[in-house]
Amino acid sequence: MVSVQIEYKNGDKIQKQLNRTSGSLRKMIVKALKAMARQVKKTTKPLIPIRTGKSRKSIKTSVSRSKLTAYIGSNWYVMRFIESGTKNMSARRPIEKGVRAEEKYIRETINAAILDAIEEGARA
């Protein structure tokens, strides 16, 4: 699978704290992750070159509730060549470009979800 990862400073500490959250708080964070993944997918698709359209259709998102992680990528083998290039074709990196274009949105969405989860937890 072709994928891109964004890391937070102190991400391990944040992840440990989030792993301790209750079911309703996790749902808030998962909802934010899904929204973020949909937005990145929407931004990424136009960046993918078209021949048959299969590359664009192959872009998928998923969210791991247990790891609180969003995945955006493709399992279609041709996307590996489009993303990473070959000896005869330079890398086009549409998934990476889509993630980078939405990086501010990603950070804002995740930060807001974390703060909401913390506030909700404090009220409980």
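**Stop 1: helix α2**

Select residues 23-44, which form helix α2. Helices here are DSSP runs of H or I with at least four residues, strands are runs of E with at least two, and both are numbered from the N terminus. Now check the length of α2. Its 22 residues, at 1.5 Å a residue, should span 32 Å. The expected span is 1.5 Å times one less than the number of residues. The end C-alpha atoms of α2 lie 31 Å apart, which agrees.

This is a predicted model: local features need pLDDT of at least 70, side-chain atom pairs count only at pLDDT 80 or more, and totals for chains, interfaces and linings use all residues. Residues are numbered from 1 along each chain as its sequence is written, and side-chain values use heavy atoms, with hydrogens and water left out.

Stay on α2 and colour its buried residues: L25, R26, I29, V30, A32, L33, M36, A37, V40, T43 and T44. They cover an arc of only 160 degrees around the axis, which puts them on the same side of α2. That arc is taken from the directions from the helix axis to the C-beta atoms. Buried means under 20% relative accessible area, exposed means over 50%, and partly exposed lies in between (1.4 Å probe, protein chains only).

Which exposed residues sit on the face of α2 turned away from its buried side? Select K27, K31, R38 and K42. An α-helix has 3.6 residues a turn, so residues three or four places apart point the same way.

**Stop 2: the whole chain**

Zoom out. The chain has six helices and two strands. From the N terminus on, the order is α-α-α-β-β-α-α-α. Of the 124 residues in the chain, 32% are buried.

Next, look at contacts, meaning heavy atoms within 4.5 Å. Among those between residues at least 6 apart in sequence, 62% join residues at least 24 apart.

**Stop 3: S64 in strand β1**

Select residues 59-64, strand β1, and pick out S64. Is S64 buried or exposed? S64 is buried, at 14% relative accessible area. Its side chain makes a polar contact of 3.3 Å with the side chain of S66. A polar contact is a pair of N or O atoms within 3.5 Å; within protein, one must be able to donate a hydrogen and the other to accept it, and residues adjacent in sequence count only if both atoms are side-chain atoms. Show T69 and Y71 too: S64 contacts both, leaving aside its neighbours within four places in sequence.

**Stop 4: the salt bridges**

Side chains of opposite charge can pair when their charged atoms come close. A salt bridge is a side-chain nitrogen of Lys or Arg within 4 Å of a carboxyl oxygen of Asp or Glu. The count is three salt bridges.

Start with R93 and E96, whose closest N and O atoms are 3.8 Å apart. R93 is partly exposed at 34%. E96 is partly exposed at 28%.

Move to R100. Its side chain meets that of E103 in a salt bridge of 3.9 Å, N to O. R100 is partly exposed at 38%, and E103 is partly exposed at 22%.

Finish in helix α6, residues 103-123. R107 forms a salt bridge with E103, with the closest N and O atoms 3.1 Å apart. R107 and E103 are four residues apart in α6, which separates them by about one helical turn. R107 is partly exposed at 28%. Select R100, E103 and R107 together: salt bridges that share partners join them into one network.
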